[in-house]
Amino acid sequence: VQYIHPTAVGRFCTTSLQEKDQEEVKRKEETAGKQAAAELLLDKLLQQDTQGWFSEFVEGLRRSGSKHVAEDLCPTETTPPADSSPYRELLRIVAPDLTQNMIPGDLLPYLSCLRQEDKEQIRQAQTTSGNIRAADVLLENIVRCGPEWPRDLCQALKETGDVKSLEMLLVIFAVIFRPRER
């Protein structure tokens with residue numbers, strides 16, 4: 001987080017953040033520090049119904065001087081393999097804990113990014129093998145939904161009241177903001 005300037009990033013998220021939200025992030029950074037401001041910025045972005053918030057956020061990182069973090073999130077130099085997204089890697093690491101609380105069938109109505117076939121596969125796994133296996137299938141499928149899947153999953157968890165899983169997913173976002181040793 002020390003390499004991210006939440007206030008500066010927020011200034012570039014003009015489609016996704018209202019001016020009052022940008023001001024709130026600025027005050028948080030001034031009073032509570034960058035970590036708290038980065039968490040608030042992410043929370044504000046996740047609350048938006050704006051298409052393209054993630055792309056705008058990554059562009060904000062680039063334009064505000066956090067190019068290495070933006071590159072980690074969305075590489076431009078080369079086309080990475082499908083599974084190399086930092087979200088996917090971290091999701092794979094925390095999946096065993098994340099799936100313990102998830103009730104996949106409850107999330108499905110809020111995950112319009114999933115294909116009908118994916119939803120049927122998740123329901124089948126839940127019926128035959130239980131929630132944990134169905135949650136594994138859900139996570140395997142949702143990462144294929146494109147760059148908006150993190151927001152969609154967070155929103156679904158929020159809608160269903162799965163605060164514990166939502167908090168764990170938000171920790172993933174916080175970890176992403178820690179720069180890798182170079």
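## The nonpolar core

The largest nonpolar core here has 42 residues, and F57, L138, L139, I142 and L153 touch the most other members. A nonpolar core is a set of buried Ala, Val, Leu, Ile, Met, Phe, Trp, Tyr and Cys residues joined through side-chain atoms within 4.5 Å. Helices (H or I, at least four residues) and strands (E, at least two) are DSSP runs, numbered from the N terminus.

Take L153 as an example. Leaving out residues up to four places away in sequence, L153 touches L111, L138, L139, I142 and L169. Touching, or contact, means heavy atoms within 4.5 Å.

## What kind of model this is

This is a predicted model, where local features need pLDDT of at least 70 and side-chain atom pairs count only at pLDDT 80 or more, while totals for chains, interfaces and linings use all residues. Residues are numbered from 1 along each chain as its sequence is written, and side-chain values use heavy atoms, with hydrogens and water left out.

## Salt bridges

Side chains of opposite charge can pair when their charged atoms come close. The rule for a salt bridge is a side-chain nitrogen of Lys or Arg within 4 Å of a carboxyl oxygen of Asp or Glu, and by this rule the count comes to four. One of them joins D21 and K44, at 3.5 Å from N to O. D21 sits in helix α2 (residues 19–32) and K44 in helix α3, so this pair ties together parts that are 23 residues apart in sequence. E24 also forms a salt bridge with K44, with the closest N and O atoms 3.0 Å apart. Since E24 lies in α2 and K44 in α3, that pair ties together parts 20 residues apart in sequence. Put together, D21, E24 and K44 are linked in a network of salt bridges.

How hidden are these residues? Buried means under 20% relative accessible area, exposed over 50%, and partly exposed in between (1.4 Å probe, protein chains only). D21 counts as buried at 5% relative accessibility, and K44 counts as buried at 12%. E24, at 30%, counts as partly exposed. There is also a salt bridge between D118 and R115, whose closest N and O atoms are 2.9 Å apart; D118 counts as buried at 6%.

## A look at helix α8

Helix α8 has 14 residues and reaches 20 Å from its first C-alpha to its last, close to the 20 Å expected at 1.5 Å a residue. That expected span is 1.5 Å times one less than the number of residues. Within α8, D118, K119, I122 and A125 are buried. Down the helix axis, the buried residues of α8 fall within an arc of 125 degrees (taken from the directions from the axis to the C-beta atoms), so they line one face of the helix.

T127 and T128 are exposed on the other side of α8. The cover over the buried residues of α8 includes α7 (104–107) and α9. After α8 comes G130, with a positive phi near 100 degrees.

## Two pairs across the sequence

K34 is in helix α3 and counts as partly exposed at 27% relative accessibility. K34 and T7 are 27 residues apart in sequence, and their C-alpha atoms are 8.7 Å apart in space.

R63 is found in helix α4 and is exposed, with a relative accessible area of 53%.
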